[in-house]
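Here is a short report for a reader meeting this protein for the first time. Take a look at the model, then read on.

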Amino acid sequence: MHDSETRPSRRSFFQIKISSVLFLLFAIGLGLGWWSDHSRLDEQLTEAQLDREIQGRQIAILKASTRSPFPVFVQRQWEVTYSAKSPGHFIELIHQIESVSNAEAWGQALRKATEDYDPNIKKLGQLLVTAPEERTRRNVCIVLRKQYTPPVRDGIEKHHAQLVESVSDMLKLSHPAGTDTHQAILLLGEMGTAAEGSVPALEAIIRDDQHPQAVFATIALGKIRPQFDASSRLIELIHAENVAWQSAVLALLQLRTPDEVEVLLTDLYYEKKNDADRDAIAALMMEAGL
């Protein structure tokens, strides 16, 4: 008997193996399809549950706010005229200002000064590094910020170099959490590209994830250097739970699409397990209109 009569043909052997492989691939494909659909449905269900939970918290926050026992006061607007007898008198008044709103009013008044304008700006720049009181330095920064409120006061450009140097020096000496530090960084942001000389001081603040002014320094640097990717750094500070993360979210709305910010906050909400943290995120989403 020949070997060909006793052994199964090699062709039939391979036909059986190939068909088995094809069947196995078909079964795997069905399983993967089922798993993909099941995962997608689970994900959609989780997203729907999260949406309902966030909306429930927002409704509770709204109800609580409508039950507030505190009356609502209407703020009256008034105009403060430049009434200093001399630049020295104006600087003396700056030392006496206690509230932020009063400092803003004096800043607006300075915009109306005539021959006293340049001497006052110079004295204010000097005061940033010589005044021992945090409140005085804060007042100076607020008054100077008002000079950059559109339309920008004519003549402020000639003082940029002095002001940027003074603010940068002040940032090295002031307390990180001080109100003067905060207002100084806001001032640099208002100055925009003219504050290029302050970049090293701002970068030193931005590198610290937990610096209380890191968020505001990032925003300011984005205004000074438009090519700087402020949005990516703000997202990092949000994930790092910087103390000003809520301000970072609101600033991010000016740099990213609302959908991107909503996804970021939803993921952040999902990660948090503490009710207070979730309430804060839900309230922020409501404030941002997301």
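How many helices and strands does the protein chain have? The protein chain has 14 helices and zero strands.

## About the model

This is a predicted model, where local features need pLDDT of at least 70, side-chain atom pairs count only at pLDDT 80 or more, and totals for chains, interfaces and linings use all residues. Residues are numbered from 1 along each chain as its sequence is written, and side-chain values use heavy atoms, with hydrogens and water left out.

## Overall build

Read along the sequence, the pattern is α-α-α-α-α-α-α-α-α-α-α-α-α-α. Helices (H or I, at least four residues) and strands (E, at least two) are DSSP runs, numbered from the N terminus.

The protein chain holds 290 residues, and 37% of them are buried. Buried means under 20% relative accessible area, exposed over 50%, and partly exposed in between (1.4 Å probe, protein chains only). The chain exposes about 17500 Å², with 56% supplied by carbon and sulfur atoms. Accessible areas come from the Shrake-Rupley method with a 1.4 Å probe; for residues, only the protein chains shown count as cover.

Contact means heavy atoms within 4.5 Å. Take the contacts between residues at least 6 apart in sequence: 67% of them join residues at least 24 apart.

## The nonpolar core

A nonpolar core is a set of buried Ala, Val, Leu, Ile, Met, Phe, Trp, Tyr and Cys residues joined through side-chain atoms within 4.5 Å. The largest one has 68 residues. Phe 90, Leu 110 and Leu 124 have the most contacts inside it. Helix α10 (residues 214-224) gives this core its largest share, seven residues.

What does Leu 110 touch, leaving aside its neighbours within four places in sequence? Its contacts include Tyr 82, Phe 90, Ile 121, Leu 124 and Val 143. Asn 120, Gln 147 and Arg 153 are also among them.

## A buried valine

Val 249 sits in helix α12. Is Val 249 buried or exposed? Val 249 counts as buried because its relative accessibility is 1%. Leaving aside neighbours within four places in sequence, Val 249 contacts Ile 238, Val 261, Leu 265 and Leu 284. Val 249 and Val 215 are 34 residues apart in sequence, and their C-alpha atoms are 9.7 Å apart in space.

## Two loop details

Pro 151 lies in the loop between α6 (134-146) and α7 (160-173). The peptide bond from Pro 150 to Pro 151 is cis, with omega near -10°.

Glu 241 lies in the loop between α11 (230-239) and α12 (245-252). Phi of Glu 241 is positive, near 60°, in a residue other than glycine. Glu 241 is partly exposed, with a relative accessible area of 48%.
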